[in-house]
Amino acid sequence: MNIELNHNIRKVQTSEIRQFNDYAKSVGANIILTLGEPDFDTPEEITNEAIQALKDHKTKYGPTLGNLDLRKKIAEFEKKQNHFSCDADEIIITHGSTEALTSCLFTMINPKDEIIIPMPAYPMYRQMIEFMGGVVVPIDTTKHHFQITQEELNMAITPKTKAIILTSPNNPTGSIFTDESYEAVYQAVKGKPIYVICDDVYSQIIYDQRKPGFVRYSDMKDQIIVCQSYSKSYAMPGWRCGYMIAPKEFCLQACKIHQYMIVALNTFIQPAMIRALSYDSSSMVESYKMRRDYIYQRLLAMGFEVELPMGAFYIFPSIKKYGLSSLEFCSRFAKEYQVAIIPGHCFEADDYIRISYCVDFETIKIACDRLELFLKELKG
């Protein structure tokens, strides 16, 4: 029986990142540098909080917004970490940053609304925006060291612009927006009815001096929406917990979508979320930095053109000079050398490849050795 489905769902693609990850494994890849999943275990002191909550039978429904003590703790954390002032009623505890972003976009987008995205970018943004009837307006940052210029941003803004999404540190590039990039956004949207969506899931994985992101512009607080995750900073990807910070009225409306999607986040996880905000994850960041330094130097030695990542745990070298599409490059590398990396076309940057280095040093070394052999083969 052929029963008609939502027309927009036909346009949504399944994750190309996971598709390629599955393909690479199917052709024998045994070195996997694809997903952004920390190789650390969740710190025991965080896990123990959830275990104790279960023992204490904290398994009833919780408030839709999330437990008040957790939301107060997040407000304290954001004030201390980012100098960003928010109240508990401006915070929704979500099923990871993915649900925060989805609830945010569902709440704001009307058909034909335009959302500006600096590219390369995480592919989920386009899929969700177009499913909701919005229009993606890309800005190519590859010409400017993955930064935003005032001129290009001004050209992208129209009367239909509803928001711009900022991801810093960036997935897939590992780049951090400079003060100049943030100022360009500030000058472009100040006084206009445009939201700035800050996807801050990597904001605690920064290798040099850390500064607050776009939330530094306190005079624009009523236009800023923060989507945050615990997955990367605290090695908690399977926990699926995060939060959204937005103006109170926006939260009231977004909570409707949040409520009907998940009702409320798992009750017994929330004490662990409180504990995580007091955990010092600097040793994880330092470990990622050492891996970053190693793989960056190896790629330079091989002759890649590559920007030094300043955060997250991805590196995004250019493959333009090798004359292959990113899919061809990565497919051959997986099949011939059993190493899986992600084609740049997944992020709308076909001249690049994304390598995730949140794996152990020995795995990175083997991958680099095999990549060096592959490049020699390509050069003939």
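Author: In this predicted model, seven strands make up an open sheet of mixed pairing, ordered β2-β8-β7-β6-β5-β3-β4.

Reader: What makes β2 and β4 stand at the edges of the sheet?

Author: Strands β2 (91-94) and β4 (135-140) each have a single partner strand, so one side of each lacks a neighbour in the sheet. On average, neighbouring strands are turned by 20° against each other, direction ignored.

Reader: How do you know that β5 and β6 pair?

Author: Pairing requires at least two bridges between two strands. Strand β5 (residues 161-167) is joined to β6 (residues 195-199) by five bridges, therefore the two count as paired, and they run parallel. Leu166 stands opposite Cys198 in β6.

Reader: Which strands does helix α5 touch?

Author: Helix α5 (residues 124-131) packs on the sheet and touches β3 (114-119), β4, β5 and β6. The direction of α5 makes about 170° with that of β3; angles over 145 degrees count as roughly antiparallel, so this term applies to α5 and β3.

Reader: Why is α11 called roughly perpendicular to α12?

Author: Helix α11 (residues 326-337) and helix α12 (residues 361-379) pack at an angle of about 115°, with axes 11 Å apart. The range for roughly perpendicular is 65 to 115 degrees, which means that α11 receives that description relative to α12. Their crossing is right-handed.

Reader: Which kinds of residue form the contact of α11 with α12?

Author: Nine are nonpolar, none is polar and four are charged. Among them, Phe329 and Arg332 in α11 and Leu371 and Glu377 in α12 take part.

Methods. Residues numbered from 1 in each chain as written. Predicted model: local features only at pLDDT ≥ 70, side-chain atom pairs only at ≥ 80, totals over all residues. Heavy atoms only, no water. Helix = DSSP H or I, 4+ residues; strand = E, 2+ residues; numbered from the N terminus. Axes fitted to C-alpha atoms, helices over the stretch in contact; angles between N-to-C directions. Contact = heavy atoms within 4.5 Å. Parallel < 35°, antiparallel > 145°, perpendicular 65-115°, else oblique. Left-handed = near helix turned anticlockwise from the far one by under 90°. Nonpolar A, V, L, I, M, F, W, Y, C, P; charged D, E, K, R; others polar.
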